[in-house]
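Thanks for making the time this morning.

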Amino acid sequence: MSPVNDPELRRRNVRTAWLLAAFVLFMFLSSVPFWRGLFRFAVGGGG
Amino acid sequence: MSTATLAHEHEHHGPPTGLKRWLFSTNHKDIGTMYLVFALTMLFFGGASAMLIRAELFMPGLQLLEPDLYNNLVTNHALIMIFGAVMPAAAGLANWMIPLMIGAPDMALPRMNNLSFWILPAAGTMLILSFVVPFFPEGGSQINTGWTLYPPLSIQVGMSMDFLIFAIHLLGISSVLASINIIVTIFNMRAPGMRMMEMPIFVWTWLVTAFLLILVVPVLAGGVTMLLFDRHFGTSFFNAAGGGDPVLFQHLFWFFGHPEVYILILPSMGVLASVIPTFARKPLFGYKSLVGAMLAIATIGMVVWAHHQYTIGMSLGAVSYFMIGTIIISIPVGLMIFNFIATMWRGSMTFETPMLFAVGIILMFTFGGLTGVMLAVVPADMQYHDSMFVVAHFHYVLMPGAVFGLFAGVFYWLPKWTGHMYDERLAKTFFWVNVISFNVTFFPQHFLGLAGMPRRIVDYNMMFTEFNVVSSIGALVFGLSHLLLLYIIIKTIRGGQQANSRVWEGARGLEWELPSPPPFHSWTVAPALKG
């Protein structure tokens, strides 16, 4: 069976892709509170 | 190529024909070609806007453009070049070359690959519409923010800003999908026996670039989404009157914007790592240190974004940190350049067009890096900030560091893609005209900046006239020279001397084991790697 049609490889590819997509979603959703928090920390002089 | 591979490939069907081949393509070579064609098209849009900008700046006073239209052109020139030309061109090279280089039959997720590409024309249309919309009745004001989209101005701009925000969302989705695909392909689809530290450097550069993209693009998406909410849904993330702060947007933007520079440059450095050993006829010097340098650039590049914002009034501790961090980046970048020069050292060098570009890149990119160190120093940057010196600096970084690297890659792999050798005499003419006119355009801008000419200004003081005249003449030649590139590419596609599988005498790597052009389905049987 060629690598293109190997079902196990396809499953592994899709799993890795979902893992990376979850990371992207985390970066997107966390960006708002993270940056607002960091910004307050910065303008508050770190206190 | 082994006989077994050839026999297997003959069993497969050829490419589909007509429009279907391109609309529904899941073939990495076809999708790579579409990326490259799209990038070339956008290069001409972005180039046309740059030539209009330089035509306006040919003389002081207002000649051709209203100030708002000028600002709109400045905004669109940057966005089209970065998101429409350079990133898709690099993605085109990745699509074409990564599977061939690692012995994979295709990208890991071919249908998603199709989606990643076809989002791009929609995004490009939205981007161009954001430029066009203000010309229609009720179209609102022009986008006069520059590519940085800083509020409060970006909150006040008319509906064209919404088109732009939507375009950025689409471009971001396309980039993230393509990056996920590239990472999965590199992790899971390498030929059996190919370890990570045996991959070609071009593949490594794209792995690092793809990770950078999935780290920073979502943050930009978050930033522009907050901007959209401020514009239409009554929030005050960036509105001081409502308790927000416009400087927060600058942090969000540059957390994306600075790594974006490395996203644009790294794939081209990967091209150099392929081109230089081939034409120096020597193995690449310091493979492991190059990989380490790339990882260092990516890591440090993520945490120095605020050197773009020294003038906003940060604390002394913060600016000191960002200054030192930025200067430290010059170490891994210098290491890369050192490795390229060491690869050439005592090599049997010949200077075909890709190698000419490689040598030119080393000289000009290093120069751009040096002015970058000047800009990293806080007291100096206070003087240079928002001047034409900055424009000269980043064009010296991005044109050689990204665009010329892509040109080198196109000339290096064009015979492999088309099966025909390009016209070397014409290509060398293109190189010399392109590089000389590039320097005529941008070198005088250093002096303009140092003398105090601000950037993003439609009119200027009489004292800046001479250098602006020189710069505009250079820009005219520079812009038109790309028509020669287009001619060379079309001529090569249509015919020419037949290229053999190993196009260049010194070329090494799996991609050169396949015929030129490679079959529609390549590496359907994984290649056996020599020890």
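**Confidence, fold and contacts**

Let me begin with a caution, since what you are looking at is a predicted model: over residues 1–11 of chain B the pLDDT stays under 50, and for that stretch the model has 11 contacts beyond four places in sequence. Within chain B, the lowest confidence falls in helix α1, residues 3–10, with a mean of 44, whereas the highest belongs to helix α15, residues 424–450, at 98. For chain B as a whole the mean pLDDT is 94, and 97% of its residues reach 70 or more. For the complex, the predictor gives an ipTM of 0.81 and a pTM of 0.93.

Turning to the fold, chain B has 16 helices and zero strands, and its C-alpha trace spans about 70 × 50 × 45 Å along the principal axes. A compact globule of 531 residues would have a radius of gyration near 24 Å, and because chain B has 23 Å, it agrees with that expectation. Among the contacts in chain B with a separation of 6 or more, 82% are between residues 24 or more positions apart.

What share of the residues in chain B is buried? Buried residues make up 52% of the 531. In soluble globular proteins, nonpolar side chains tend to be buried together. Here the largest nonpolar core holds 171 residues, and the members that touch the most others are B:Val86, B:Leu272 and B:Ala408. If you centre the view on B:Val86 and set aside its neighbours within four places in sequence, you will find it in contact with B:Met81, B:Leu264, B:Ala402 and B:Val403.

Now to the place where the two chains meet, to which chain A contributes 20 residues and chain B contributes 26. On the side of chain A that touches chain B, the residues divide into 14 nonpolar, four polar and two charged. One residue to look at here is B:Leu109, found in the loop between α4 (67–102) and α5 of chain B. Is B:Leu109 buried or exposed? It has 22 other C-beta atoms within 10 Å, and therefore counts as buried. Not counting residues up to four places away in sequence, B:Leu109 touches A:Asn13 and A:Ala17 as well as B:Asn181 and B:Val184.

I will finish with some backbone details that deserve a look. The peptide bond from B:Pro151 to B:Pro152 is cis, with omega near 10°, and B:Pro152 sits in the loop between α5 (110–132) and α6 (153–156) of chain B. Another cis bond runs from B:Ser516 to B:Pro517, with omega near -5°, and B:Pro517 lies in the segment after α16 (465–494).

There are also positive phi values to note. B:Leu149, in the loop between α5 and α6 of chain B, has a positive phi of about 55° although it is not a glycine, and with 24 other C-beta atoms within 10 Å this leucine is buried. B:Arg281, likewise a residue other than glycine, has a positive phi near 55° and lies in the loop between α9 (246–280) and α10 (287–301). B:Arg281 has 15 C-beta neighbours inside 10 Å, so it counts as partly exposed.

Notes. Residues numbered from 1 in each chain as written. Chains lettered and ligands numbered in written order. Predicted model: local features only at pLDDT ≥ 70, side-chain atom pairs only at ≥ 80, totals over all residues. pLDDT = per-residue confidence, 0-100. Helix = DSSP H or I, 4+ residues; strand = E, 2+ residues; numbered from the N terminus. Contact = placed C-beta atoms within 7 Å. Core = buried A, V, L, I, M, F, W, Y, C linked by C-beta atoms within 7 Å. Buried ≥ 20, exposed ≤ 12 C-beta atoms within 10 Å, placed from the backbone. Nonpolar A, V, L, I, M, F, W, Y, C, P; charged D, E, K, R; others polar. Rg over C-alpha atoms; globule rule 2.2 N^0.38 Å.
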